[in-house]
Amino acid sequence: MKGTASPGRDGMGSKILRELVGSPSSLIGLVICVVVVFLAIFGPLVTSQDPYDLSKLNIMDNRLPPGSVGIDGAVYVLGTDGQGRDMVSAMIYGLRTSLLVGILTTALAMVIGTTMGLLAAYKGGWVDTIIMRLVDLILGFPMMLLALILLAALGPGIDKVILALVAVQWAFYARTIRGTALSEMNREYIEAARCLALSERRIIFRHLLVNCLPPVIVISTIKVAGAISAEATLSFLGLGVPITKPSLGLLISNGYRYLLSGSYWISIFPGILLMLTIFGINIVGDRLKEVLNPRLQENKAVE
Amino acid sequence: MSEALVDVQGVSKRFGRRLDTVERLARRLGSDISEEIVHAVDAVSLKVAEGEVLGLVGESGCGKSTLGRVISGLLPASSGRVLYRGADPSLLKGDEARAAKLNRQMIFQDPYSSLNPRMQVRGIIGEAPRYHGLCDRAGLEGYIDAIMAKVGLEPSFKDRYPHQFSGGQRQRIGIARALAVKPDFIVCDEPIAALDVSIQAQIINLFMKLRSELGLTYLFISHDLGVVEHLSDTVAIMYLGRIVETAAAEELFSHPNHPYTLALLAEVPRLGGRKKDFSVIKGEIPSPLDPPRGCHFHPRCPHAMPRCAAEIPASREILGGHFSACHLNGG
Ligand SMILES: Nc1ncnc2c1ncn2[C@@H]1O[C@H](COP(=O)(O)OP(=O)(O)O)[C@@H](O)[C@H]1O
Ligand code: SF4
Ligand SMILES: [Mg+2]
């Protein structure tokens, strides 16, 4: 145990990666995530159309089935929607919007929720009471209902969607981190840090936070998927992103009314992409949960 | 005995769980929920002279760690006060307050939870001296190396993380961390209790070496009388939050007075066995939530008399520097 083990810090990232690649299912999840992110970032460079530019659309091409050739000779691999928009292009741009909402929401909710949870645990007393009562209040509501109410009040727009989702999601982080932080606070290294007269801020962020990170990472991964599907639901209900910048959810909703008339592809393909994305992220998240579980890790250290 | 470095004056520490809103409401509606208060430390007075080792002994749960935390400044006292070099550190401001805080350090019982698992040894030892400007950036590495060498750690190990060390080595890291801020008083809270027996002697020897090299003063907490006898100048015996007997180590072990001390001694296998007519302490330790009235020890004491259940025995000097709190001593 002593002496030979490799140092922990620089090995951490590559070790996690190795664990993810090591099991077939999480490898699939990881590949999906990489492809999805790659598509969202670089896809617009290769799409045949800017689906947001209405002047480029030809209404004569509307609702073409997958594989059709359009009036100007373009091939629509996955067909077109009700306005003659290339489905591949629309989905790539839609994916972009969905991921943007998912990642921004998660990043903001994580920072706010983690800070709140750490403060509640470290300060205790009335700070803890106020923060946790608010958390209880938020988590007591059905999440979508609360987001719907907030959005109804805020109005539409990507920024409003993100705001509404952050307002709901930070509470998850706060509750989990508070629990982890409370059990870390019982460990004497926090007392030792106080004995050394380090500042409160330093103790919270340099000592407490780093030991609460694994659950933060796990929740964030899973909550990215949650935020993406929440946004899709809101957009599907017409309360999400604006019609001019459709996300996957809005694409599904747009195609929904054609489902019964046989133009399945307008709704189904964005639906499949959405499902795959969420599936991939969740698999990676689940695997991360196992890899980062501190108890499992400690067992390894003792070996 | 020179002037006291640390003077503990009538310190009590109570832990209470305050009722929350719902419970207060329930009580108003007639429920008999009440605040639970633990008297972890009950009116303790002690003096620790500069350069001395004061051994504090008592069974688990009697309040030793809590007293140690109050003395080291980690916990505020509920009543009473702790003077360090004649001043109450909680009333000091700015640099003086910080100096009084850094001068009193603590070594913890569990070497597995007392080191930040995500920090390299370099950071664990070097963070505080750097933060407080006790050494400059250029001198930091040398500073850390010197302290590691002093506590018997190979300085080349400083890039490692705590999980890469054994219990004894971890405890050395904890000691190095405390020494890095140049304290003169260290509360050692059962620092060897969690270690292998084979390692315990090494760590005790390290404590003794550091004491003589650096002129340190220790409050050495233990539930093991044998360890305390070996390294203390003065010994205080604690029972359920109160100090029941204090004396110079030799005096206490050769002329124990308090029935609780006698019972403790009877439990220790000792050379020249000085077994008393009653051996193992009868009965459970009473709950500190609801301690017995009068002398806390009376439900277990073989000499208990009616007065013991009614009146708290005062601490009396039965010989120069030998104090005991028992009604058997008259008064
Ligand atoms: N932070 C705390 N909150 C509530 N009760 C505590 C706390 N710390 C200690 N106690 C209680 O105070 C009593 C003394 O504990 P402690 O000082 O740890 O004893 P020892 O170190 O002698 O084993 C115990 O009953 C313990 O449960
Ligand atoms: S005061 Fe009474 S009960 Fe307490 S130790 Fe003395 S004789 Fe025993
Ligand atoms: Mg203790």
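The secondary structure of chain A amounts to eleven helices and two strands, where helices (H or I, at least four residues) and strands (E, at least two) are DSSP runs numbered from the N terminus. The model is a predicted one, in which local features need pLDDT of at least 70 and side-chain atom pairs count only at pLDDT 80 or more, while totals for chains, interfaces and linings use all residues. Residues are numbered from 1 along each chain as its sequence is written, chains are lettered from A and ligands numbered from 1 in the order in which they are written, and side-chain values use heavy atoms, with hydrogens and water left out.

Along the sequence, the elements of chain A follow the pattern α-α-β-β-α-α-α-α-α-α-α-α-α, and the C-alpha trace of chain A spans about 75 × 50 × 30 Å along its principal axes. Of the 303 residues in chain A, 48% are buried; here buried means under 20% relative accessible area, exposed means over 50%, and partly exposed lies in between (1.4 Å probe, protein chains only). Among the contacts in chain A with a separation of 6 or more, 69% are accounted for by residues 24 or more positions apart, a contact being heavy atoms within 4.5 Å. Chain A exposes about 14,700 Å², of which carbon and sulfur atoms supply 68%; accessible areas come from the Shrake-Rupley method with a 1.4 Å probe, and for residues only the protein chains shown count as cover.

In chain B, the residues around ligand 1 (those with a heavy atom within 4 Å of it) are Phe15(B), Val38(B), Ala40(B), Glu59(B), Ser60(B), Gly61(B), Cys62(B), Gly63(B), Lys64(B), Ser65(B), Thr66(B) and Pro288(B). By class, this shell has five nonpolar, five polar and two charged residues, where Ala, Val, Leu, Ile, Met, Phe, Trp, Tyr, Cys and Pro count as nonpolar, Asp, Glu, Lys and Arg as charged, and the others, Gly among them, as polar. At least two residues of the shell come from each of β2 (36–49) and α2 (64–72) of chain B, and the largest share, three residues, is supplied by α2(B). Oxygen atoms of ligand 1 lie 2.6 Å from a polar side-chain atom of Ser65(B), 2.9 Å from a polar backbone atom of Lys64(B) and 3.1 Å from a backbone N or O atom of Gly63(B). The protein covers 61% of the 550 Å² of accessible area that ligand 1 has on its own.

Glu59(B), one of the residues around ligand 1, makes a polar contact of 3.3 Å through its side chain with the side chain of Arg300(B); a polar contact is a pair of N or O atoms within 3.5 Å, and within protein one must be able to donate a hydrogen and the other to accept it, while residues adjacent in sequence count only if both atoms are side-chain atoms. The side chain of Arg300(B) is also joined to that of Tyr239(B) by a polar contact of 2.9 Å. Arg300(B) is found in the loop between α10 (259–267) and α11 (306–310) of chain B, and is buried, with a relative accessible area of 5%.

In α4(B), the buried residues are Val121(B), Ile124(B), Ile125(B), Gly126(B), Glu127(B), Ala128(B) and Pro129(B), and they pack against α8 (200–236) of chain A together with α5 and α6 of chain B.

Among the loops of chain B, the one between β4 (79–84) and α3 (94–103) holds Arg85(B), which has a positive phi of about 50° although it is not a glycine and which, at 43% relative accessibility, counts as partly exposed. Lys182(B), in the loop between α6 and β6 of chain B, likewise is not a glycine but has a positive phi, of about 55°.
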